[in-house]
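Please read it with the model open.

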There are 2 protein chains.
Amino acid sequence: MRDGTKISATEKRSRGRPRAYDPQAALAQARDAFWKAGYAGTSLDDIAAATGMNRPSLRAAFGDKHGIYLRTLADYWASKFELMHAALDGDDRLANSLMKVYDASLALYFGGEGPARGCFVVGTAITAAHADVEVQQLVTEGFLTLDAAFARRFERAKTEGELAAAADATTLALLATATLQSLAVRARTGAARASLRAMARKMVDTLCGG
Amino acid sequence: MRDGTKISATEKRSRGRPRAYDPQAALAQARDAFWKAGYAGTSLDDIAAATGMNRPSLRAAFGDKHGIYLRTLADYWASKFELMHAALDGDDRLANSLMKVYDASLALYFGGEGPARGCFVVGTAITAAHADVEVQQLVTEGFLTLDAAFARRFERAKTEGELAAAADATTLALLATATLQSLAVRARTGAARASLRAMARKMVDTLCGG
DNA sequence: ATATTTTTGTTCCATCGCGCATAAAAATAC
DNA sequence: GTATTTTTATGCGCGATGGAACAAAAATAT
């Protein structure tokens, strides 16, 4: 029983019967359901059970299963971008700011109850992408955004003298994204959080120091 | 209509009606079916259609859906290990041997008909792993094997003087595996093969040169 | 108070998915 | 030629899945 599922009374309500559930909270629960079992492995009944809504209400609010999934995917990316921004745009040194990305990501991957769920994109969207152009598009754009964010940070490190002027910021960014994807993959298959953190630490040191 | 689906006549046959299909070929087609739609997205009817067998025959030969999947996963890893072996254990210089791994992998990821399917493990097993301890186990072991193979190759490069003695072969191996996983992810979401190859090239150069 | 609007909740229907039971076919053993 | 063995092939049943229709509820507008 989460708090905040009920709609807040501060919204201007139009005319009919008020919604029993907050759309954002419902989407978050739907996202958690997809997160566990993947797109194909999650039924509308599962989502209905997770949100407390019933199927017709779900349909009226968010459309069909595909529509619900696309919205949860977009929401996930938004939170991921925010995480990147918070981690990379601070005053930390390069290695520390990268570790902030990986630490915050691991917190996400090991969040929720039950075994680690990994990254929502790597854990659910990659499988669905093969038969779904819209998912392909969202995932591609998302990872390119991560690449760009990392690249900006490496560039900044060059101008600040933390990184050799000859370093290739773009390629380092690709390796930083790959590191994130590797953590995501390994988290979902049962790796211990501490060992993943140690892995990230070593990879970061190699990317920054080497 | 593939050739080699029919059983070869050279096997000693026991007593009853002979099998109409070669188990290995059938498993390969089942693997292709899973590869496209993932574990949850593939039904036994899909597999029956892909193999040309009917459900009772599938069941008698390989067990239920889960059993079929585990066998295809094990087969995939075996071929992947062989690929690694062929690429890394030759006389090539370090960077070239790594590129052989990525080139052979891309050939696999872009194989089959239709859009690129990416890596079987990343594309199907990661999603399934969350609810399946056996899949978790197989995937974990598989990636650790890749890590070890890369690490051996980096160590060899150190003894052969291609890599600085101070280089951390273990961490470089983690980055090499992460590079492979990144290619796998991006291939399934529509990236062009040429751009992925260029990506791999740059990452390899940074890992070896930097 | 009545009408209108919007959402909720129940129910039905057609389809799919998977296991199982049973019949038919194709080989060998005697 | 008949029996036995192993596999193929067909069909049935039950539960799950997803869409839609319809009635009830809870708010506002007049």
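1. Start at A:R31. Leaving aside residues up to four places away in sequence, A:R31 touches A:T72 and A:F120. Contact here means heavy atoms within 4.5 Å. A:R31 sits in helix α1 of chain A, residues 23-37. Helices are DSSP runs of H or I with at least four residues, strands are runs of E with at least two, and the numbering starts at the N terminus. A:I47 is 16 residues from A:R31 in sequence, and the two C-alpha atoms are 8.7 Å apart.

2. A word on the basis. This is a predicted model, in which local features need pLDDT of at least 70 and side-chain atom pairs count only at pLDDT 80 or more, while totals for chains, interfaces and linings use all residues. Residues are numbered from 1 along each chain as its sequence is written, chains are lettered from A and ligands numbered from 1 in the order written, and side-chain values use heavy atoms, with hydrogens and water left out.

3. What is chain A made of? It has 9 helices and 0 strands. From the N terminus the order is α-α-α-α-α-α-α-α-α. The C-alpha atoms fill a box of roughly 60 × 35 × 35 Å along the principal axes. Of contacts between residues at least 6 apart in sequence, 66% join residues at least 24 apart.

4. Now burial and surface. Chain A has 210 residues, and 50% of them count as buried. Buried means under 20% relative accessible area, exposed means over 50%, and partly exposed lies in between (1.4 Å probe, protein chains only). The accessible surface of chain A is about 9,800 Å², with 53% belonging to carbon and sulfur atoms. These areas come from the Shrake-Rupley method with a 1.4 Å probe; for residues, only the protein chains shown count as cover.

5. Look next at helix α6 of chain B, residues 120-129. Here 10 of the 10 residues are buried, so the helix is largely enclosed by the rest of the structure. Among them are B:F120, B:V122, B:G123 and B:I126.

6. The two chains meet. Chain B gives 43 residues to the contact and chain A gives 43 residues. About 3,500 Å² is buried between them, and carbon and sulfur atoms give 63% of that. Buried area is the accessible area (1.4 Å probe) that two parts lose on being put together, summed over both. The rule finds 2 salt bridges across this interface. A salt bridge is a side-chain nitrogen of Lys or Arg within 4 Å of a carboxyl oxygen of Asp or Glu. A:D147 and B:R186 are joined by a salt bridge, at 2.8 Å from N to O.

7. Over all chains the count is 18 salt bridges. A:K100 pairs with A:D92 at 3.1 Å, N to O. A:K100 is partly exposed at 39% relative accessible area, and A:D92 is partly exposed at 22%.

8. Helix α9 of chain A, residues 193-209, holds both A:R201 and A:D205, 4 residues apart, about one turn of the helix. Their salt bridge has its closest N and O atoms 3.9 Å apart. A:R201 is partly exposed at 29% relative accessibility, and A:D205 is partly exposed at 39%.

9. Finally, back to position 31. In chain B, the side chains of B:R31 and B:D32 form a salt bridge at 3.6 Å, N to O. In chain A, salt bridges that share partners link A:R31, A:D32 and A:R117 into one network.
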